[in-house]
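Okay, everyone, thanks for coming. Let me put the structure up and then walk you through a few spots I picked out.

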Amino acid sequence: MDILDAIGNTSIARLRRVVPQDCATILVKLEGENPTGSLKDRMARAVIARAEDDGRLKSGDTVVEYTGGSTGTSLALVCAAKGYRLQIVTSDAFSREKLDHMAALGAELTLVPSEGGRTSKKLILEMIEAARRLSQQPRTYWIDQLNNEDSLVGYHALGDEIWEQTKGTIDAFVHCVGTAASSRGVATVLKRRKPRIEIVVVEPAESPVLSGGQPGPHKIEGVGIGYTPPLWDKALVDAIVAVGTDDAKEMARRIAREEALFAGTSSGANVVAAIRVAQRLGPGATVVTLMADSGLKYLSTDVYGRR
């Protein structure tokens, strides 16, 4: 067994104290159990393996990617395990822990400055352009996660795990949208198993572009890129919920204190949205969402840092 075999097969747990009375059961998949503490380990393993299989990536090549941190850390894990050089384009908008973790695993970082430490459409586009320039070097494979359909395959197993762990009793799946790969990959599997299942996606209230609103800066790391991601498939989505940054942060703190589940801001947003769905569906239904990553990635931020 090598470290990449430790990816997946994460636990699922029931929320008890933050859930109001008279609403559906809410289960959370603990993706922080993956080796880097993030569900992105699943896609990183998949995109590298598929590129190797068809010859796009060969021994001695360099991997390049833009990332808010979790994808970069996951790619750094896979590249370290397989012996590839990795160049990452990221930003000061993302937590110090993420940047340090990528570097510790051997990634070479290029930092693009943000506007006040917030994620915005402008920042994402500048990061993509910087990665595109790096990708023009010889013997370089650019992951280009926003356009890479290989990442979808990495999340099919996550959908299968949710189905098996709930014994098919799931009524709704709720998850934030960044690249849209994880929500789409899981939804594809669950809709095939149970066509009437409700797929609810979550976006920052400050940048509600999927709901038809205007883009804006926000502080929910890893989601809400400010425009509709290329992998977005509206046909798989039944509802969109907007959650504000402050509400997402406060819920992340609450689930740490009250549920003993230590996760990041997008996980807080997932739970806020899952509670809204669970209240609408009522007792007897089951809602599943993700603890997308570990709170250890955010200790220096105002989510958990001393305020």
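Predicted model: local features only at pLDDT ≥ 70, side-chain atom pairs only at ≥ 80, totals over all residues.

Let's start with a side-chain pair: the side chain of K249 makes a polar contact with the side chain of D302, at 2.9 Å. By polar contact I mean a pair of N or O atoms within 3.5 Å; within protein, one must be able to donate a hydrogen and the other to accept it, and residues adjacent in sequence count only if both atoms are side-chain atoms.

Residues are numbered from 1 along each chain as its sequence is written, and side-chain values use heavy atoms, with hydrogens and water left out.

Back to K249. You'll find K249 in helix α8, residues 245–259; helices here are DSSP runs of H or I with at least four residues, strands are E runs of at least two, and both are numbered from the N terminus. Is K249 buried or exposed? Buried, at a relative accessible area of 8%, where buried means under 20%, exposed over 50% and partly exposed in between, with a 1.4 Å probe and protein chains only. Leaving out neighbours within four places in sequence, K249 is in contact with K219, T265, D302 and V303, contact being heavy atoms within 4.5 Å.

Helix α8 also holds T245, and T245 is buried too, at 6%. Beyond four places in sequence, T245 touches E206, H218, K219 and I220. A polar atom of the T245 side chain sits 3.3 Å from the backbone nitrogen of K219.

Six strands form an open sheet, in the order β1-β2-β10-β7-β8-β9, with mixed pairing; two strands pair if DSSP finds at least two bridges between them. At the edges stand β1 (12–14) and β9 (239–243), each with a single partner strand, so one side of each has no neighbour in the sheet. The twist averages 25 degrees from one strand to the next. For angles, axes are lines fitted to C-alpha atoms, for helices over the stretch in contact, and the values run from 0 to 180 degrees between N-to-C directions.

Inside the sheet, β7 (172–176) and β10 (286–291) pair in the parallel sense over three bridges, and A172 stands opposite V287 in β10. Helix α6 (156–165) packs on the sheet, touching β1, β2, β7 and β10, with its direction at about 135 degrees to that of β2. Helix α7 (181–193) lies across β7 and β8, at about 170 degrees to β7.
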